[in-house]
Amino acid sequence: MSTSSITHRVEVPIDQPLDLPLTLESGQAFRWHEVDGVWSGFIAGGLVTLERLDGGLAVECSTDAAPGISDAVHRYFRMDDDLPAIYEHLSKDERLTDVIQQHWGLRILRQDPWECLIAFICSQNSNIPRIAQMQESLANELGETVTMGDIKRMAFPTPDVLASAGEDVLRKLALGYRAKYVAKTAEIVASGGLTPHALRDKSYEDAKAELMALPGVGAKVADCVLLFALDKLEAVPIDRWVRRAFEEWYLDGEELPYNELLAWAHKTFGANAGYAQQYLFFRRRQGQG
DNA sequence: CCACGGCCTGATTC
DNA sequence: AGAATCAGGCCGT
């Protein structure tokens with residue numbers, strides 16, 4: 001257990017659109033908790049709280065993490081993505097123009113690749129509340145306790161810990177048949193067979209191929225990790241919602257295989273295809289046309 | 001390469 | 001009420 005009674009507070013200025021609840025509850029990340037407008041979660045492995053201020057964020061972290069916390073927050077929220085410019089690029093489409101207005105400040109995150117990988121292996125054939133519950137169970141049962149002031153959270157378990165827990169323990173945490181995938185993937189990562197964060201330095205195609213070699217990782221899960229953790233904004237996770245959005249709204253109802261939809265999205269939305277996906281996903285899930 | 005059934009679980013629907 | 005159905009898919013045949 002790591003405890004620090006002395007915490008560091010800093011105000012991080014932000015000159016980019018950022019809607020905290022939209023971004024943190026958009027189904028990219030599953031472990032942010034909000035109480036009275038204060039969000040607790042982990043950034044760069046450390047427990048932090050975030051609170052939206054005019055012009056920035058109030059951030060609390062441990063004194064250990066304090067020196068780099070401003071940079072870490074900027075990296076986590078991808079503040080280098082010029083959202084207004086991306087909006088302008090995507091707004092050639094009236095439907096996207098509308099959904100951008102409705103979800104101004106919804107950003108793609110740059111998450112921890114290991115945690116993100118496990119979360120999206122767990123996401124298959126499930127739903128957001130249950131994915132969140134599975135991640136919380138993994139942390140509560142197998143993670144390290146971290147406290148900061150009166151905030152107490154469990155860190156996400158390391159590959160070593162998940163690997164040694166094994167399938168049976170993971171099944172007891174209600175992962176279902178995903179337990180085997182998580183256990184095997186954890187073994188591979190723990191033994192050095194794959195280094196999740198190292199995939200950032202590879203091309204989209206190479207990184208995707210490595211991810212898809214893991215058990216429980218297909219094209220959709222791989223694209224989620226590539227987009228939400230590995231800096232690949234050209235990744236377009238095509239779930240049933242996005243598929244319906246593409247096919248019904250843009251392709252006159254034509255049904256296409258995953259890779260053809262992906263190629264179409266790249267041709268249509270270019271380098272910002274990942275952002276287009278995130279906004280259309282929202283609109284489609286809300287049942288809007 | 002594509003089609004299909006099976007899979008854990010929990011909430012919702014019928 | 002208890003049984004189907006569905007939920008941000010993947011794997012094996």
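# Reading a predicted model

Visitor: In what order do the five strands of the open sheet lie?

Guide: The five strands of this open sheet follow the order 2-6-5-4-3, and their pairing is antiparallel. Strands (E, at least two residues) and helices (H or I, at least four residues) are DSSP runs numbered from the N terminus, and two strands pair if DSSP finds at least two bridges between them. The edges are formed by strand 2 (7-13) and strand 3 (33-35), each of which pairs on one side only.

Visitor: Before we continue, what kind of model is this, and how are its values taken?

Guide: It is a predicted model, in which local features need pLDDT of at least 70 and side-chain atom pairs count only at pLDDT 80 or more, while totals for chains, interfaces and linings use all residues; side-chain values use heavy atoms, with hydrogens and water left out. Residues are numbered from 1 along each chain as its sequence is written, and chains are lettered from A and ligands numbered from 1 in the order in which they are written.

Visitor: How many bridges join strand 3 to strand 4?

Guide: Strand 3 and strand 4 (residues 38-43) run antiparallel and are joined by three bridges. One pair to locate is Val35 with its bridge partner in strand 4, Val38. In the loop between strand 3 and strand 4 lies Asp36. Its phi is near 50 degrees, which is a positive value in a residue other than glycine. Asp36 counts as exposed, at 72% relative accessibility; the term exposed applies over 50% relative accessible area, buried under 20%, and partly exposed in between (1.4 Å probe, protein chains only).

Visitor: What do strand 4 and strand 5 form?

Guide: Strand 4 and strand 5 form a hairpin with two residues between them, and Ala44 in the turn has a positive phi of about 50 degrees. Six bridges hold the antiparallel pairing of strand 4 and strand 5, and Trp39 has Leu50 in strand 5 as its bridge partner. Strand 5 also runs antiparallel to strand 6, joined by six bridges; Glu51 is partnered there by Ala58 of strand 6. Strand 5 and strand 6 likewise make a hairpin with two residues between them, where Gly55 in the turn has a positive phi of about 80 degrees.

Visitor: Which helix packs on the sheet?

Guide: For such packing, contact means heavy atoms within 4.5 Å. Axes are lines fitted to C-alpha atoms, for helices over the stretch in contact, and angles run from 0 to 180 degrees between N-to-C directions. Helix 2 (residues 69-76) packs on the sheet and touches strand 2, strand 4, strand 5 (46-53) and strand 6 (56-62); its direction makes about 55 degrees with that of strand 2.

Visitor: Which residues have the most contacts inside the largest nonpolar core?

Guide: In soluble globular proteins, nonpolar side chains tend to be buried together. A nonpolar core is a set of buried Ala, Val, Leu, Ile, Met, Phe, Trp, Tyr and Cys residues joined through side-chain atoms within 4.5 Å. The largest one has 75 residues, and Leu170, Leu211, Phe246 and Phe269 have the most contacts inside it. Leaving aside neighbours within four places in sequence, Phe246 is in contact with residues that include Val236, Leu261, Trp264 and Phe269. A second, separate core has 22 residues, among them Ile14, Leu18, Val59 and Cys61.

Visitor: How many disulfides does the rule count?

Guide: A disulfide is a pair of cysteine sulfur atoms within 2.5 Å. The count by this rule is zero. Cys116 is in no disulfide, and its nearest cysteine sulfur, that of Cys224, is 7.3 Å away. Cys116 is buried, with a relative accessible area of 2%. Cys224 is buried too, with a relative accessible area of 2%.

Visitor: Which domains does the domain assignment of chain A give?

Guide: Domain bounds come from an automatic or database domain assignment. For chain A, the assignment gives domain 1 (2-78) and domain 2 (113-229). Their centres, taken over C-alpha atoms, are separated by 22 Å. Domain 1 gives 19 residues to the contact, and domain 2 gives 22 residues.

Visitor: Where is Ala163 found?

Guide: Ala163 is in helix 7 (residues 159-172) and is buried, with a relative accessible area of 18%. Not counting residues up to four places away in sequence, Ala163 touches Ala186, Glu187 and Ala190. From Ala163 to Asp252 there are 89 residues in sequence and 46 Å in space, C-alpha to C-alpha.
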